[in-house]
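Dear colleague,

I am passing on the structure below, followed by some notes on what was found in it. Please read the notes alongside the coordinates.

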Amino acid sequence: MKRLVLAFLLVASPALAAPDAATIFAAASLSESFQDVAKELEKTGKHYRFNFAGSQQLAAQLEQGAPADVFASADELWMRYAKEHDLLEGDPRLFARNRLVVVTPKTNPGRVDRIADLARPGVKVLLGVENVPVGRYARQVLANLHLSRRVLANVVSQEENVKAIVTKIALGEADAGFVYASDVTPGVRGKLRRIAIPDDAEVIADYPIAVAKNAPHAEAARAFVDYLLTREGQAILVKHGFLPAEDARP
Amino acid sequence: MTRAAAIAAGALLLLLLGIPIASLILRVPAASLAARMSEPAIQEALRLSLVTTLASTLIIVLLGTPVAYVLATRSFPGKRVVETVIDLPMVLPPTVAGLALLLAFGRAGFVGRALGIELPFTTLAVILAQVFMSAPFFIAPARAGFSGVDRRLVDAAATLRASEGYTFARVVLPLTLPSLTAGAAMACARALGEFGATITFAGNLPGVTQTMPLAVYVAFQSDLEAAIVLSVLLMILSFGLLLGLRAATGRMGSASSLVSPIAR
């Protein structure tokens with residue numbers, strides 16, 4: 001019994017002894033870039049841990065009282081939702097933008113070479129659910145292209161966050177999916193083909209960020225938000241395939 | 001002292017189980033409940049859940065009964081490994097099961113490529129995920145039931161020249177019916193609640209793969225009231241299933257004890 005307790009403590013101790021870290025609720029598409037940002041800030045002695053999920057899910061969790069220090073959304077809609085429900089401290093700031101792209105498996109089993117091919121009957125298309133930002137943006141693109149009806153008929157699954165779409169396309173299980181440019185990461189680049197969306201139909205995702213109301217680690221939270229808007233922070237985001245925030249301002 | 005401790009522990013556990021359930025019921029939008037229940041989206045999820053759960057339970061019983069019988073009555077090399085493999089889904093995180101199913105039966109998967117089939121994103125994939133996750137919940141009690149059959153009854157039947165098949169159908173099966181029913185109900189309840197393997201392997205599309213648990217998950221992010229209605233509906237179904245099972249096995253238990261005077 002004593003040995004069992006000891007073994008448990010040994011296994012659990014790293015988790016128990018984890019440094020006091022600020023919790024960042026961030027859209028799934030920010031997974032890689034935010035980890036990099038945290039690595040930079042760690043050098044200044046600040047620690048972060050992450051909850052990556054669809055922005056709509058994060059907003060729902062925040063509303064239910066989940067303890068967060070920062071909320072970063074992949075669209076303004078869910079940030080506004082958080083603001084309206086009095087979950088934020090101060091006003092959100094735009095820190096990045098992202099292009100929408102269509103990806104297919106490298107082997108291109110559905111023979112999708114241009115965006116119009118998505119409308120061909122039998123092509124298996126993955127989309128985000130209607131309320132996840134990537135799903136909403138994709139529906140806008142389809143509306144811009146006047147392809148909504150035919151492509152929506154080809155949707156085989158509505159995924160709850162963009163990373164689920166990336167993984168299933170990379171595995172070759174569906175023919176094409178709408179994701180962000182930043183999702184074609186080095187890790188999956190070899191498994192995906194990327195198809196650009198025509199300029200006149202393009203939709204650009206806006207990423208706002210804000211410190212959460214009554215954030216337990218407000219100082220570290222502000223440091224994270226501020227860093228994203230510095231030249232170094234922007235460089236990290238651009239390296240990961242995002243567009244810088246500056247151009248977002250009209 | 002020990003009695004007081006037992007009561008305290010029992011009360012604590014009951015509260016832990018009961019409070020969340022009560023909280024869910026208290027949040028049911030009483031005024032709009034009927035209207036919400038008849039919404040096509042909720043109806044669709046309900047119908048899909050019922051159809052897939054029924055199908056998977058049927059498959060589990062048909063395939064699981066012989067397996068359970070063999071495990072209960074025969075010994076063979078590697079039996080332990082087989083038993084462990086069968087039990088594994090009980091403790092496996094469902095998303096892991098979903099990933100495994102995808103890598104096996106996906107069109108780029110092992111079996112999928114060999115047979116040229118495309119299962120993911122179909123209703124069949126939902127059923128397969130449910131079978132994978134719920135089969136052990138049937139096999140374990142079924143096996144225990146078969147093990148509990150008095151060998152002397154089977155031997156007696158054999159001395160009367162009953163064939164093995166006849167003995168199974170007329171002696172063993174009636175005696176194990178309560179266990180089989182209990183197992184089927186448990187597997188059915190587990191299949192009804194299946195979420196992780198389904199969303200990973202089968203995906204999420206209303207009317208095709210979006211069962212009630214998936215609909216709850218998606219609704220939670222946009223329409224909390226719909227999520228609550230669906231949750232309560234699921235809970236009522238599961239509750240009814242378990243309660244019915246209790247009543248049924250209680251009755252059958254006494255009935256089957258009548259036909260096995262030797263076993264007593």
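From the N terminus on, the elements of chain B run α-α-α-α-α-α-α-α-α-α-α-α, that is, 12 helices and zero strands, where helices (H or I, at least four residues) and strands (E, at least two) are DSSP runs numbered from the N terminus. This is a predicted model, in which local features need pLDDT of at least 70 and side-chain atom pairs count only at pLDDT 80 or more, while totals for chains, interfaces and linings use all residues. Residues are numbered from 1 along each chain as its sequence is written, chains are lettered from A and ligands numbered from 1 in the order in which they are written, and side-chain values use heavy atoms, with hydrogens and water left out.

The C-alpha atoms of chain B fill a box of roughly 65 × 60 × 35 Å along the principal axes. Of its 264 residues, 39% count as buried, meaning under 20% relative accessible area (1.4 Å probe, protein chains only). Among the contacts in chain B (heavy atoms within 4.5 Å) with a separation of 6 or more, 74% come from residues 24 or more positions apart.

Helix 11 of chain B, residues 212–220, is mostly covered, with seven of its nine residues buried; among them are B:Met212, B:Pro213 and B:Leu214.

In chain A, strand 6 (residues 155–159) has five of its five residues buried. Strand 5 (residues 125–128) of chain A runs parallel to strand 6 and is joined to it by four bridges, where pairing requires that DSSP finds at least two bridges between two strands; the bridge partner of A:Leu127 is A:Gln158.

Best regards

Conventions: Buried < 20%, exposed > 50% of the residue type's maximum accessible area, 1.4 Å probe, protein only.
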